[in-house]
Amino acid sequence: MTQVDTEPEAAPAAKLTLVTLSMMVVGSMVGAGVFSLPRRFAEETGVAGALVAWAVAGTGMLMLAFVFQRLAVSRPDLDAGVYAYAKAGFGEYLGFFSAFGYWASACVGNVTYWVLIMSTIGAVAPALGDGDTVLAVVLSSVGLWAFFFLIRRGVKEAAAINRIVTVAKVVPILVFVVLALFYLKPHVFAENWSGAAYGSLFEQVKGTMLATVFVFLGVEGASVYSRHARRREDVGRATVLGFLSVFAVFASVTIVSYGLLPMEEIAELRQPSMAGVLESAVGNWGEVFVSVGLIVSVLGAYLAWTLMAAEVLFVAAKDEDMPRFLARSTRADVPAPALLLSTLLTQTVLVVTLFSDDAFNFALDLTSALTLIPFLLAAAFALKIARHRFGGDLVVASLATIYTAFLLYAAGPKYILVSFIVYAPATVLFVMARREQGRTLFSPRELVILVVSVAGAVTGVVALALGWISL
């Protein structure tokens, strides 16, 4: 039998408290996305559409937060949250896809952080462009591997840094909102109200959905670390507390921006668009202030998501749904092989951004699209449990399932097909795990799922090759 742990076990790490878990959720959610919101929304909708979009996204994500809260309490035997719920509800293969999709979304999301950092510096160093030049990718790669070695030293050290950074990065966002309210121009806000040029209200709301998914990623963060929690009920409390802590901030950043510049001008700003919006109100120092805050914020979020990505692979391997080599950890409780694989995927996608039309939006939308299947399966699992009950659990699970299904529709065929291209090859890891256990590779039901995923991937490749869709 293959040895799982190559080094002696470390002493058990201190269990995570409610405060620490809540900060992990906030740290995961507050990242690159919030600094890009003004431009992203202004490209799709006016104020009215933005308000409706936030109402839909806030309600839907709150339902998902409640789903994770209730599952954490009702099924304390399931660790790693999103992945474990899909496996328990719909079998090992879909559970594997959920684990892989969630992991891949975290890795692709990390690419947005490096692109945004380079784009920020690109304002004073034109060679970095919008974060998508060769030099930008090279410098991003250096940072990527520097973080790998930092985290490789020990999870506890990295987690301590994340707690400090979480507090530091929220400050500039709050300052932006306060200053934007002070300088808000009512007539500009009124002119940006309808967004009629972008089509119907429904189309405007639909166009913003992937952006809202991206900024809310991390709402499930506490459930991923459930095996480390001091008290199981703290997992659910931290999930809801973290969500409510950042929802108002995200919506405020978007809405107040419409009161400073016409939406057509906001849509033309370079990312991070928050910097350009504040600069229009207070001058150059506003751009510098937001840019510095962004770099601190993004590096903290990158740290949190890298830890989360490695944790998902590690737990899946412990459950024998991934190859055994991914279940190895160091004396410092760092899942080193999982961390290495996560870094390699991030590096690969960084290189791919060189060939995309808009590196940041491509990585952002793909991150959101990859997360939809894991979220849908988790919500559907909660619905499966609650289907014979009449009450709050059934309502919450039903709304969460409807919301995530709507997100798949809003994503459109482009990102669904690209997601298949990412998902289908992952089956190699599933096959490796089954062979290690001496089991039949696929059941009849799993063969159907395999055929669908491969067909989707082939369609996606053909669509890219023929120019039907583009990166």
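Q: Where is the place of Val-351?
A: Val-351 has its place in helix α15, which covers residues 336-352. Helices (H or I, at least four residues) and strands (E, at least two) are DSSP runs, numbered from the N terminus. This is a predicted model, in which local features need pLDDT of at least 70, side-chain atom pairs count only at pLDDT 80 or more, and totals for chains, interfaces and linings use all residues. Residues are numbered from 1 along each chain as its sequence is written, and side-chain values use heavy atoms, with hydrogens and water left out.

Q: Which residues make the nonpolar surface patch?
A: Patch residues have over 30% relative accessible area and no salt bridge; like charges are joined within 9 Å, nonpolar side chains (Val, Leu, Ile, Met, Phe, Trp, Tyr) within 5 Å. Areas come from the Shrake-Rupley method with a 1.4 Å probe; for residues, only the protein chains shown count as cover. Here Val-134, Val-138, Val-142, Val-351, Leu-354 and Phe-355 make a patch of about 560 Å². Helix α6 (residues 134-153) gives the largest share, three residues.

Q: At what angle do α5 and α14 pack?
A: Axes are lines fitted to C-alpha atoms, for helices over the stretch in contact; angles run from 0 to 180 degrees between N-to-C directions. Helix α5 (residues 92-121) and helix α14 (residues 284-318) pack at about 160°, with their axes 9 Å apart. So α5 is roughly antiparallel to α14. The cut-offs: under 35 degrees is roughly parallel, over 145 roughly antiparallel, 65 to 115 roughly perpendicular, and the rest oblique. The crossing of α5 and α14 is left-handed. That means the near helix is turned anticlockwise from the far one by less than a right angle; clockwise is right-handed.

Q: How do α5 and α15 cross?
A: Their axes come within 9 Å and cross at roughly 55°. That makes α5 oblique to α15. This crossing is right-handed.

Q: How many salt bridges does the structure hold?
A: A salt bridge is a side-chain nitrogen of Lys or Arg within 4 Å of a carboxyl oxygen of Asp or Glu. The structure holds eight. In one of them, Arg-39 pairs with Asp-358, the closest N and O atoms being 3.5 Å apart. This pair links distant parts of the chain: Arg-39 is in helix α2 (residues 32-42), and Asp-358 is in the loop between α15 and α16 (359-386), 319 residues apart. Arg-39 is buried, at 17% relative accessible area. Asp-358 is partly exposed, at 27%.

Q: Which residues are linked in a network of salt bridges?
A: Glu-92, Arg-434, Arg-439 and Glu-446. Arg-434 meets Glu-92 at 2.8 Å, N to O. Arg-434 lies in helix α18 (residues 427-436) and Glu-92 in α5, so the pair ties together parts 342 residues apart in sequence. Arg-434 is buried, at 4% relative accessible area. Glu-92 is partly exposed, at 24%. Arg-434 also bridges to Glu-446, with the closest N and O atoms 3.0 Å apart. Glu-446 is in helix α19 (residues 444-465), so this pair ties together parts twelve residues apart in sequence. Both Arg-434 and Glu-446 are buried.

Conventions. Buried < 20%, exposed > 50% of the residue type's maximum accessible area, 1.4 Å probe, protein only.
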